[in-house]
Amino acid sequence: MSAQTSNQSGGGQFYRRYRQDEKPVGFSLNGVAQTGRHGDTVLTAIMAVSSHVRHTEFTGENRAGFCLIGACQDCYVMTEEGQRIRACTTPLQEGMRFVTTMPMGAGV
């Protein structure tokens, strides 16, 4: 495994230092094709290419997860189909499609 730092888009908060040789997993964030790695959670994959996982539906501020272990609700992310998932405990799967802005009234 390489300990080399990788951040393809330059805008992510997480920087991949290990597992760079794992199988790529394609996903979409706000309509833009992105690539995570086999074994990533949705949170890890999104935070490797973005500074946040969503905008809060209450104030519009960026949210990036809080506890990172599934105990809070700060990392909920919306799929393009309108389903909310907990990003920190959901494994990334090929073809998943996410949006960072939740519709008003979606509530967490």
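T79 is in contact (heavy atoms within 4.5 Å) with R97, F98 and V99, leaving aside its neighbours within four places in sequence. This is a predicted model: local features need pLDDT of at least 70, side-chain atom pairs count only at pLDDT 80 or more, and totals for chains, interfaces and linings use all residues. Residues are numbered from 1 along each chain as its sequence is written, and side-chain values use heavy atoms, with hydrogens and water left out.

**T79 and strand β5**
- T79 sits in strand β5, residues 76-79. Strands (E, at least two residues) are DSSP runs, numbered from the N terminus.
- T79 counts as buried because its relative accessibility is 8%. Buried means under 20% relative accessible area, exposed over 50%, and partly exposed in between (1.4 Å probe, protein chains only).

- Strand β7 spans residues 96-99. M96 and F98 form its covered face; R97 and V99 form the uncovered one.
- In a regular strand the side chains alternate between the two faces of the sheet.
- β5 pairs with β7 in the antiparallel sense, over 2 bridges. Pairing requires that DSSP finds at least two bridges between two strands.
- V99 in β7 is the bridge partner of M78.
- β1 and β7 pair in the parallel sense over 3 bridges. L29 stands opposite F98 in β7.

**P24 and strand β1**
- P24 belongs to strand β1, residues 24-29.
- P24 is partly exposed, at 45% relative accessible area.
- Leaving aside neighbours within four places in sequence, P24 is in contact with T35, G36, R37 and E94.
- P24 and T35 are 11 residues apart along the chain, and 6.1 Å separates their C-alpha atoms.

Key
Helix = DSSP H or I, 4+ residues; strand = E, 2+ residues; numbered from the N terminus.
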